Amino acid sequence: MSERVLVVDDEQGFCDLMATHLLRHGYEVESAFNGQEALEKLEAQEPFAVIVTDLTMPVMGGLELIREARKRFPQMEVIVLTANDSIEMAIATMREYGAYDYLTKPLPTNSDLSMAVGRAAVYRRLRLERELLQTQLITQAKRLQALIANTGD
């Protein structure tokens, strides 16, 4: 099963370029051209593993999108796209909103995008596996405690 990626950018040509590149690398890709459209797709469709979003967009900007997406889909990873002059904003977004990574626009190479998405998807899978293992461990510990409590002296 391929990972689902949502690409969000108000520059349709750039958005299409990213989507096509990720499709060629085996990802299932949806596109949105502003934050509001992206939120609607996030709500209406199966979960996305990664969202790649520009920060500066009309209707709803990237920061608001990330804030809302993280509230509703905390297990989804976020990659921020930013112009060279707003790298500080991208870093702040990583710190404050938990974005996984940021890329500068224009992309130095398209492979930077697929590598960042790949790393984010792997990180997400590892986080989900860890959470599952922790839940299983807690369940087993409770079962063992109950067994010990019910064992006679």
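Predicted model: local features only at pLDDT ≥ 70, side-chain atom pairs only at ≥ 80, totals over all residues.
**View 1. Helix α1 and what covers it.**
Helices (H or I, at least four residues) and strands (E, at least two) are DSSP runs, numbered from the N terminus. Helix α1 runs over residues 12-24, and its 13 residues should span 18 Å at 1.5 Å a residue, which agrees with the 18 Å between its end C-alpha atoms. The expected span is 1.5 Å times one less than the number of residues. Buried in this helix are F14, C15, M18, A19, H21 and L22. They cover an arc of only 165° around the axis, which puts them on the same side of α1; the arc is that of the directions from the helix axis to the C-beta atoms. An α-helix has 3.6 residues a turn, so residues three or four places apart point the same way. On the other side of α1, G13 and R24 are exposed. Here, buried means under 20% relative accessible area, exposed means over 50%, and partly exposed lies in between (1.4 Å probe, protein chains only). The cover over the buried residues includes β1 (4-8), β2 (28-32), β3 (50-54), β4 (77-83), β5 (101-105) and α5 (110-149). Just after α1, G26 takes a positive phi of about 90°.

Side chains of opposite charge can pair when their charged atoms come close. A salt bridge is counted when a side-chain nitrogen of Lys or Arg is within 4 Å of a carboxyl oxygen of Asp or Glu, and the structure holds twelve of them. One of these joins E28 to R4, with the closest N and O atoms 2.6 Å apart. This pair links distant parts of the chain, since E28 is in strand β2 and R4 in strand β1, 24 residues apart. E28 counts as partly exposed at 37% relative accessibility, whereas R4 is buried, with a relative accessible area of 6%.

Another pair is D9 with K105, whose closest N and O atoms are 2.8 Å apart. D9 is in the loop between β1 and α1 and K105 in strand β5, 96 residues apart.

R119 lies in helix α5 and D101 in strand β5, so the pair ties together parts that are 18 residues apart in sequence. R119 counts as partly exposed at 40% relative accessibility, while D101 counts as buried at 15%.

In helix α3 (residues 62-72), the buried residues are G62, L65, I66, E68, A69 and R70. They pack against β1, α2 (35-44), β3, β4 and α4 (87-97). M76 has its place in the loop between α3 and β4 and is buried, with a relative accessible area of 2%. The C-alpha atoms of M76 and A49 are separated by 5.1 Å, although these residues are 27 apart along the chain. Leaving aside neighbours within four places in sequence, M76 is in contact with residues including L42, F48, V50, I51, R124 and R127. Contact means heavy atoms within 4.5 Å.

**View 2. Two backbone features in loops.**
Most residues other than glycine have a negative phi, and most peptide bonds are trans. Keep that in mind for V59, a residue other than glycine whose phi is positive, near 70°. V59 lies in the loop between β3 and α3 and counts as exposed at 69% relative accessibility. Back at P106, a cis peptide bond joins K105 and P106, with omega about -5°.

Technical notes. Residues numbered from 1 in each chain as written. Heavy atoms only, no water.
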